[in-house]
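This report covers selected backbone and sheet features of the structure shown below.

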Amino acid sequence: MTADGAHNDAQPEEPVATADGTVRPSAAVSSPPAIGESSGIDIALADLQGLEEVVDREALRDICHSFFDLFNLSVRVFGADGTLLADAHEDAEIHAYLRTVPSARVALAKDVDAVQRLVPRKEEARHTEITGAVYDVVPLVYQGRPVGRFVVGPYLPAEMREVPAALLALGDLDRERVRDLLTAMPRVREPTAKRIRAHLRRVVDLLLFASHRAHLTSEMHVASVRASYRELAEKTAKLQSAYDRLRELDRLKSNFLATVSHELRTPLTSIIGYSEMLETGIAGELNAEQKDFVATIHGKGDQLLQLISSLLDLSKLEQGVMTLHRERVDPGELLAEVAKTMVPAAHRKSIVLETHREEGLPLVDADPVRLRQVLFNLAENAVKFTPEGGSVRFRAETTELEPEGGDTLGAVLMAAPERAIALSIEDTGIGMPPTELARIFDAFYQVDSSSTREHGGTGLGLSIVKRLIDAHGGSVRVESEPGAGTRFTVLLPETGSDIGVGGT
Amino acid sequence: MQLDFKTRELTVKLVYYGPALSGKTTNLQAIHRLVESDVAGRLMTLETRDDRTLFFDLLPLTFEAGSKLQVRFKLFTVPGQVIHNATRRLVLQGADGTAFIADSQLSETKANQQAFLDMQENLRENGIDPASHPLVIQFNKRDLPNVRSAEELERLAKRGKEPVFTAIATRGTGVMETFLGLAELTWRRLDATHQLGEKFDLDADIFLQEVRERLVGGRAAE
């Protein structure tokens with residue numbers, strides 16, 4: 001698995017079998033589908049092939065220098081691939097001298113070569129050079145795998161007393177000088193040398209362990225984030241497609257509503273028309289009972305037409321195809337008009353109607369037909385839900401709109417109040433609990449479905465009111481207290497302030 | 001598994017899986033303590049918060065078996081807390097065998113079940129078929145009150161096919177048995193799919209005997 005040059009040179013490349021049963025050349029390290037493919041480190045097995053992959057070289061160099069300072073011994077650290085990772089040494093004078101002698105120079109070169117070729121896998125190895133000095137080569141094994149080596153030396157074993165005969169045999173040497181220079185070389189007793197090697201081995205192993213852990217940690221961080229991101233992306237895609245489908249269904253529903261309403265209205269118009277004609281006696285006089293029946297057909301037909309028109313309005317508003325015919329409208333006048341039309345109904349239930357109009361209300365830019373529809377709807381509700389003897393108040397006044405939200409960032413700019421027209425209709429009716437207030441503008445929603453049967457209505461009115469006012473760039477507010485009454489307020493922007501929103 | 005013919009090196013990945021706080025890390029710590037020091041490497045703990053594993057723990061066990069086959073067992077734990085699912089799946093990647101560490105306390109029955117389902121799901125996500133994956137189950141914390149009785153465990157164990165062990169990991173009891181049980185299952189499985197015995201001239205029984213001897217130095221694994 002290692003790729004260190006000297007060690008592998010003579011060996012043929014053999015294949016590596018991987019967990020998934022495939023066989024790859026051993027040069028390509030086998031690994032399961034890698035997630036942290038960016039680095040050479042295998043997360044699945046948390047393995048490393050060599051010291052060089054993770055170790056902090058700066059730290060390794062510092063350790064070697066400190067080692068050299070402490071023991072005066074040269075040390076070099078190599079990775080599994082043979083790279084020199086750290087080096088702390090001082091050329092011995094004896095070597096400098098020997099290099100000046102040709103025969104000695106050749107011998108020294110051979111020694112250096114021999115040390116470089118020494119790549120033990122488990123046990124320490126030693127090379128003795130021509131001077132009698134030794135190099136100790138110590139394999140670094142990490143998690144049961146050789147990941148590099150360090151070389152200590154050359155140093156003279158303290159036990160050596162004589163100049164080696166082989167050195168003296170080289171000839172052309174100044175023997176006295178050789179003897180002097182050899183004495184100057186570091187000498188270490190074997191037991192001490194052994195302890196020193198063991199110490200360095202432990203220090204490098206610890207450094208490797210710490211570096212490996214740091215690497216794995218960062219790899220895992222990245223891989224976990226990626227995995228989480230992928231999971232979230234999948235979930236988001238699922239939600240998005242569900243959302244798209246719902247939107248499509250909603251669109252289909254609106255289309256269906258529009259088509260059906262339209263198709264219902266056409267024959268209904270004939271029913272109403274013919275019953276009206278019958279009622280007027282165009283096709284001959286009717287007796288009282290017949291007249292009564294025809295009037296009922298006419299009345300119920302009108303009611304049905306109203307309902308269908310509401311549905312059509314709603315679907316137009318939902319599809320955004322409702323056109324507003326805006327003109328300058330006096331909102332106070334409009335409200336008073338609506339209040340007036342409620343008089344007969346209010347009278348039947350002995351309900352008091354009060355109208356209050358602020359003097360000099362500005363005009364608003366609105367579709368008078370639609371605005372009347374809105375106010376009429378609210379007024380009708382107010383009368384409908386107010387018990388006998390109650391009251392309904394109509395108010396038209398100017399007010400200031402405070403922007404919503406509690407953020408005070410740049411309040412001087414952002415929270416500048418806007419002037420608006422408030423049209424409110426307040427009753428002393430049954431009221432609504434606070435939990436219901438947020439939902440009353442949803443289509444087909446009624447606080448209590450039994451109220452549809454008791455009070456009539458479709459549950460469409462308020463949703464149309466809200467959408468129409470939205471289309472005008474305004475808003476509808478509701479305040480209510482169960483048993484005490486309800487106040488609906490339609491807020492319309494004063495002309496010139498914000499009319500860009502409407503027109504849909 | 002990773003196999004290198006050139007260096008005659010076999011690397012096997014074993015994962016300790018289980019619900020939060022069931023004692024996965026404690027198992028590794030006990031193995032680290034119990035096996036011969038030349039076999040066990042340093043126990044590496046990757047990121048913890050409040051003493052809970054965030055990524056994984058790793059214990060390498062290395063020894064030579066048969067005719068110089070270098071065997072490297074790498075024991076991993078997963079983080080048990082529910083939120084670390086992505087990490088659990090990453091750690092399970094390339095697993096050759098799994099020890100499921102269950103908490104014996106009756107109150108943890110649901111957590112055990114949930115973690116077991118989660119393990120199967122994550123194995124599948126990694127392209128590993130849970131049905132043929134070497135798996136042992138350990139019921140840990142046998143020393144606590146309110147645990148399922150030994151008789152009941154035995155009765156339930158007979159209904160499943162995977163070996164079931166009981167343990168008190170804090171004391172080291174049952175930890176080596178669990179590991180050796182998993183090592184055996186995994187070796188037999190790898191042998192069947194990769195003919196390891198044939199390639200390295202290593203009989204399964206002899207190999208397992210060697211594992212036992214190398215790891216616990218011939219001491220009875222009690």
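## Positive phi in chain B

Lys141(B) lies in the loop that runs between strand E7 (135–140) and helix H4 (150–157) of chain B. The model is a predicted one. Phi of Lys141(B) is near 65 degrees, which is a positive value in a residue other than glycine. As background, most residues other than glycine have a negative phi. Is Lys141(B) buried or exposed? Lys141(B) counts as buried because it has 21 C-beta neighbours inside 10 Å, and the cut-off for a buried residue is 20 or more.

Leu21(B) also has a positive phi, near 60 degrees, and is likewise a residue other than glycine.

## Chain B overall

Chain B contains seven helices and eight strands. It has 222 residues, of which 49% count as buried. What share of the contacts in chain B with a separation of 6 or more comes from residues 24 or more positions apart? Such pairs account for 70% of those contacts.

## A cis peptide bond in chain A

In chain A, the peptide bond between Gly153(A) and Pro154(A) is cis, with omega at about 5 degrees. For reference, most peptide bonds are trans. Pro154(A) belongs to strand E7 of chain A, which spans residues 145–157.

## A five-stranded sheet in chain A

Chain A has an open sheet of five strands, in the order E10-E12-E13-E15-E14, and the pairing is mixed. Which strands stand at the edges of this sheet? They are strand E10 (352–357) and strand E14 (475–481) of chain A; each has a single partner strand, so one side of each is left without a neighbour in the sheet. From one strand to the next, the twist averages 20 degrees.

In general, the strands of a sheet pair through backbone hydrogen bonds, either parallel or antiparallel. Strand E13 (residues 418–427) and strand E15 (residues 485–493) of chain A run antiparallel and are joined by seven bridges. Which residue in E15(A) is the bridge partner of Ile425(A)? The partner of Ile425(A) is Phe488(A).

Technical notes. Residues numbered from 1 in each chain as written. Chains lettered and ligands numbered in written order. Predicted model: local features only at pLDDT ≥ 70, side-chain atom pairs only at ≥ 80, totals over all residues. Pairing = 2+ DSSP bridges. Helix = DSSP H or I, 4+ residues; strand = E, 2+ residues; numbered from the N terminus. Axes fitted to C-alpha atoms, helices over the stretch in contact; angles between N-to-C directions. Buried ≥ 20, exposed ≤ 12 C-beta atoms within 10 Å, placed from the backbone. Contact = placed C-beta atoms within 7 Å.
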